[in-house]
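The following exercises are to be worked through with the sequence and the model side by side. Each task is followed by a solution in steps.

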Amino acid sequence: MDYEKYLEFLETKKQSIETSGFDVGDDQLNQQLFPFQKYCVKRALKAGRFALFEDCGLGKTFQQLEWAQKVVEHINAPVLILAPLGVIGQTVKEGERFGYVVTEIRATESDMTAGIYITNYDNIDNIDPSIFGGIVLDDTGINLSDLNCSWSLLTVSDFNAFLDPSNFT
């Protein structure tokens with residue numbers, strides 16, 4: 001195989017990432033974020049579907065709250081945070097500390113307004129995913145395969161055309 005054919009072969013093996021998010025400037029982000037946190041939040045917002053695999057103490061909760069707030073502002077729809085029961089109170093308090101309103105719910109209602117909502121993984125059967133424009137999975141060590149629920153946690157298509165503002169106008 002000559003060099004040119006090899007390069008053509010390699011081109012067929014390339015994978016591209018399809019972004020579904022949007023851009024924001026540093027000045028649009030919470031000014032209390034550290035520069036590395038701003039970078040991570042901007043990258044997550046642009047990608048639309050993203051995972052933060054960070055060590056303890058690096059501010060993942062703050063970053064997920066900022067991501068959720070920017071999604072709420074961009075598409076004017078509610079965003080859901082799924083979290084273990086022991087993390088919910090901490091997330092609500094951290095939200096208050098950084099200027100976010102995080103509302104704990106046990107079930108969805110048809111008249112939910114744009115905002116950040118949080119619930120326990122055990123409440124998942126009481127949640128209608130079509131109401132939310134974005135989701136945060138705060139696993140905090142939970143084994144997602146152990147959950148017994150009626151809809152797939154990781155199927156973003158279950159959410160009302162995730163991050164597509166045309167669905168919320």
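**Exercise 1. A leucine in a loop**

L33 lies in the loop between α1 (3-13) and α2 (35-47); helices (H or I, at least four residues) and strands (E, at least two) are DSSP runs, numbered from the N terminus. The model is predicted: local features need pLDDT of at least 70 and side-chain atom pairs count only at pLDDT 80 or more, while totals for chains, interfaces and linings use all residues. Residues are numbered from 1 along each chain as its sequence is written, and side-chain values use heavy atoms, with hydrogens and water left out.

Task: Determine whether L33 is buried or exposed, and which residues it is in contact with beyond its neighbours within four places in sequence.

Solution. 
- Step 1. The relative accessible area of L33 is 5%. Buried means under 20%, exposed over 50% and partly exposed in between (1.4 Å probe, protein chains only), so L33 is buried.
- Step 2. With neighbours within four places set aside, L33 is in contact with K38, V41, F62, Q63 and E66; contact means heavy atoms within 4.5 Å.
- Step 3. For E66, the C-alpha to C-alpha distance from L33 is 8.9 Å, at a sequence separation of 33 residues.

**Exercise 2. Two helices**

Task: State at what angle α3 and α4 pack, and which residues make the contact.

Solution. 
- Step 1. Helix α3 (residues 60-75) packs on helix α4 (residues 85-98) at about 70 degrees, and their axes are 10 Å apart. Axes are lines fitted to C-alpha atoms, for helices over the stretch in contact, and angles run from 0 to 180 degrees between N-to-C directions.
- Step 2. The angle makes α3 roughly perpendicular to α4; the classes are roughly parallel under 35 degrees, roughly antiparallel over 145, roughly perpendicular from 65 to 115 and oblique for the rest.
- Step 3. Helix α3 contributes T61, F62, Q64 and L65, and helix α4 contributes T91, E94, G95 and F98.
- Step 4. By class, the contact has three nonpolar, four polar and one charged residues. Ala, Val, Leu, Ile, Met, Phe, Trp, Tyr, Cys and Pro count as nonpolar, Asp, Glu, Lys and Arg as charged, and the others, Gly among them, as polar.

**Exercise 3. Aromatic pairs**

Task: State how many aromatic pairs the whole structure holds, and describe the pair of F62 and Y100.

Solution. 
- Step 1. The search finds five aromatic pairs. Rings of Phe, Tyr and Trp (its six-membered ring) pair if their centres lie within 6.5 Å; planes under 30 degrees apart count as stacked, over 60 as edge-to-face and the rest as tilted.
- Step 2. F62 and Y100 are edge-to-face, with 6.3 Å centre to centre and 65 degrees between the planes.
- Step 3. Because F62 lies in helix α3 and Y100 in the loop between α4 and β2 (102-104), the pair ties together parts 38 residues apart in sequence.
- Step 4. Both F62 and Y100 are buried. Together with F98, these residues form one aromatic cluster.
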